[in-house]
Amino acid sequence: MIAVIIIVATVVVALFVLGGAAWFAWDSDKRVRSFARSTDLIPGRPGRAPESWTTDNTREALLHRRIRYAIADVHANPAIPHDDELVSARDRLDDAVFELDDRLIAAADTGGDEAVEILDSAESAVKALEELPKKLWEAPKSDQLADLDRVTRVLSRG
C-alpha cells in the first residue's frame, strides 16, 4: 500500500513539474514573439522606424533589429533598476539608441554613398552596444556606469 502511495505521489509531482515547464516554455515563446512583432525600439517605447523593418532584410532594418535586441538585453539586467545612478545612465543610453536609430532612418531615405558611410559608422556603434550587456553583468557599479557612459558616447558619434 505504501508503495502505491509513493508511486502516485511521484507521478503527481512529475505531472506538476512537466506542466510548469510547458507553461514556462509557452509563455517565454509568446513574449519573444510579441517583442519581435512589435515596433518597440526599447522595451515599452515604440520606435520611429517603419513597421516593415521588423521583417525586412535591408542593412538598415538588420541594424535596427540588432539595436532592439541589444538594448533589450541591457534592460534585462536585474541590478540596474535598483540604483538611481545606473537608471539615469541607462536612460541616457536609451536616448542615444533613439538618436542612432533616427540616423538609420535618415540613411534609408538618403541612399547613395552618404548612406553607406552612415551605415558603416552605425554598424561599429551597434557592435559596441551588443558587447555591453555581458560587461554589465556582475560588474561593480563604477564599471557599469563607465561602460554605460562609454557606449552612450559611441552611439552618439556613430
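Residues are numbered from 1 along each chain as its sequence is written, and side-chain values use heavy atoms, without hydrogens or water. Because the model is predicted, local features need pLDDT of at least 70 and side-chain atom pairs count only at pLDDT 80 or more, while totals for chains, interfaces and linings use all residues.

Let me begin inside. The largest nonpolar core has 35 residues, a core being a set of buried Ala, Val, Leu, Ile, Met, Phe, Trp, Tyr and Cys residues joined through side-chain atoms within 4.5 Å, and buried meaning under 20% relative accessible area, with a 1.4 Å probe and protein chains only. H3 (84–110) is among the elements that each supply at least two of its residues, and H3 gives the largest share, 10 residues. Helices here are DSSP runs of H or I with at least four residues, numbered from the N terminus.

Leu129 is one of the residues with the most contacts inside this core. Leaving aside neighbours within four places in sequence, Leu129 is in contact (heavy atoms within 4.5 Å) with residues including Ile67, Leu93 and Leu155.

Finally, to helix H1 (residues 2–37), where Val12 is found. Val12 has a relative accessible area of 40%, so this residue is partly exposed, a class that lies between buried and exposed, the latter being over 50%.
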